[in-house]
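Reader: I would like to learn how to read a structure, feature by feature. Could you take me through one?

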Amino acid sequence: MSAILDFLGAPWEHLFMRRAFAVAVMCGIVSGVIGAHVVLRGMAFIGDAVSHSVFPGVAVAFVLHFNLVLGGAIAGLLTALAVAVFAQNRRLKEDSVIGAFFAGAFGLGIVILSTAPGYSGSLESFLFGQILGISDGDVVTVAVMGLVLLLVAAAVHKELVTVSLDRETARAAGLPVFALDIVLYALVTVTVVISLQAVGNILVLALLITPAACARLLTDRIGAMMLLAPAIGAGSAVVGLYLSYAYNLAAGGLIVLVVTAVFILCWLLAPRHGLLAARRGRRAPDLTQDQVPEPRPTPDGVRTEEPTAP
C-alpha cells in the first residue's frame, strides 16, 4: 500500500509535473465537451482538418518570431470561417469543403516554412507535444481559454445539438444555422490550439474525438454524454502522464494510447452498444422476429425510438 501511495505522490513533487497535470486535465475536459458536439454532428474529420489548418499560422509566427499558438489560432479561425461560408452551398458536402480548405492550408504552411532554414527542430513540440516543458503562463492561458470555451459551449448547447440532429428542422425553427456553424468551427479550432502542447498537432484528433466516441457508446442521453466525455478525456490524460513518469516515455503518445484503450474497452463492453451486448441481442429469440429500435439522442436528453431494419 505504501508503494502505491509513493508512486501516486512522486510526480507531484516536481513543478513541471504539476503543470503538466493541470494542463492535461483542462485539455481533457474541454476536448471532451467540444468533441461531444463534433461526434454528434458526425464531423470527426474536422478535428484532423483543423490541426492542419493552424499550420500556416504557426509557420508565419515562426518566421516572424511571435507566439506560435496565437498564430495558429488566427489561421485556424480564418480557415474555419471560410469553410462555414463555402459549406452553405449544399451541392457539396461539408467534409468535402473541409478537406479542400484544410489540405490547402497545410500546403501553404509547408511552403512558408520552406523559406526558413532549420525550422524542423524548432517545431518539434508543435508536432508531437511538449506537455512536460510548459510554463506557468501556458497553464494560465489554457485555463482562461478553456473556461471561455466551456461557457460559450454551455450558452449555445441546445442550439448546437438541434442543428446536429436536423439542420433543416433547425432552419425552419428560425435558428441561425450559419452562425452556429461558425461558432462550432471556432470552438473546435481553439480547442485544438490549446491542446497542441499536450499531445501535439499529429495526435490532437484523438483527444478531441475518442473520449466523445467512448461516451457515445456508453449512453444514449446527451446530458450524460457531455459529462462522460470530459471525464474520460481528463482521466486518460492523468493515467498517461503517470505512465510517462514511470517509464520515461513520450507523454502525448501515452495519453493517446490510454484513451484509445478505453475506446476499445467501450466498443467491446458497452452495456447497450458494445460488441458483446450486440451478440447477446442477436441470440435473444424476440429480437430475431421484430425490428430493433435504436435510441436517438434529442436536445433535451429524452430518448426517442427510431425503427431500423433488423
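Reader: Leaving aside its neighbours within four places in sequence, which residues is S53 in contact with?

Author: Contact means heavy atoms within 4.5 Å. By that rule S53 is in contact with A75, G76, T79, F102 and A105, leaving aside neighbours within four places in sequence. S53 lies in helix 3, residues 45-53. Helices (H or I, at least four residues) and strands (E, at least two) are DSSP runs, numbered from the N terminus.

Reader: Is S53 buried or exposed?

Author: Buried means under 20% relative accessible area, exposed means over 50%, and partly exposed is in between (1.4 Å probe, protein chains only). S53 counts as buried because its relative accessibility is 0%.

Reader: What should I know about the model before going on?

Author: This is a predicted model, in which local features need pLDDT of at least 70 and side-chain atom pairs count only at pLDDT 80 or more, while totals for chains, interfaces and linings use all residues. Residues are numbered from 1 along each chain as its sequence is written, and side-chain values use heavy atoms, with hydrogens and water left out.

Reader: What is the mean pLDDT of the chain, and where is confidence lowest and highest?

Author: pLDDT is the predictor's confidence in each residue, from 0 to 100. The chain has a mean of 82, and 85% of its residues reach 70 or more. Confidence is highest in helix 13 (residues 222-247), at a mean of 95, and lowest in strand 2 (residues 304-307), at 43. Residues 286-293 have pLDDT below 50, and this stretch has ten contacts in the model beyond near neighbours in sequence. Residues 302-310 also stay under 50, with 23 contacts beyond four places in sequence.

Reader: How many helices and strands are there in the chain?

Author: The chain has 15 helices and two strands. Of its 310 residues, 44% count as buried. Take the contacts between residues at least 6 apart in sequence: 70% of them join residues at least 24 apart.

Reader: How do I read a nonpolar core?

Author: In soluble globular proteins, nonpolar side chains tend to be buried together. A nonpolar core is a set of buried Ala, Val, Leu, Ile, Met, Phe, Trp, Tyr and Cys residues joined through side-chain atoms within 4.5 Å. Here the largest core has 66 residues, and those with the most contacts inside it are I34, I46, V188 and L241. Helix 12 (residues 177-218) gives the largest share of this core, 20 residues. There is also a second, separate core of six residues, including C214, L217, V259 and C266.

Reader: Which residues does V188 touch, not counting residues up to four places away in sequence?

Author: V188 touches I34, V38, I46, V50 and L208.

Reader: Which residues make the nonpolar surface patch?

Author: Patches are made of residues with over 30% relative accessible area and no salt bridge; like charges are joined within 9 Å, and nonpolar side chains (Val, Leu, Ile, Met, Phe, Trp, Tyr) within 5 Å. Accessible areas come from the Shrake-Rupley method with a 1.4 Å probe, and for residues only the protein chains shown count as cover. V60, V63, L64, F66, L70, I74 and L78 make a nonpolar patch of about 600 Å². Helix 4 (55-64) and helix 5 (68-86) each supply at least two of the patch residues. L70, in helix 5, has a relative accessible area of 46%, so L70 is partly exposed.

Reader: How many salt bridges does the structure hold?

Author: A salt bridge is a side-chain nitrogen of Lys or Arg within 4 Å of a carboxyl oxygen of Asp or Glu. The structure holds five. One of them joins D136 and R19, with the closest N and O atoms 2.8 Å apart. This pair links distant parts of the chain, as D136 is in helix 9 (residues 136-155) and R19 is in helix 2 (residues 15-41), 117 residues apart.

Reader: Where are E168 and R171?

Author: Both lie in helix 11, three residues apart, about one turn of the helix. E168 is partly exposed, at 49% relative accessible area, and R171 is partly exposed at 33%.

Reader: Are R167 and D181 buried or exposed?

Author: Both are buried. R167 forms a salt bridge with D181, the closest N and O atoms being 3.0 Å apart.
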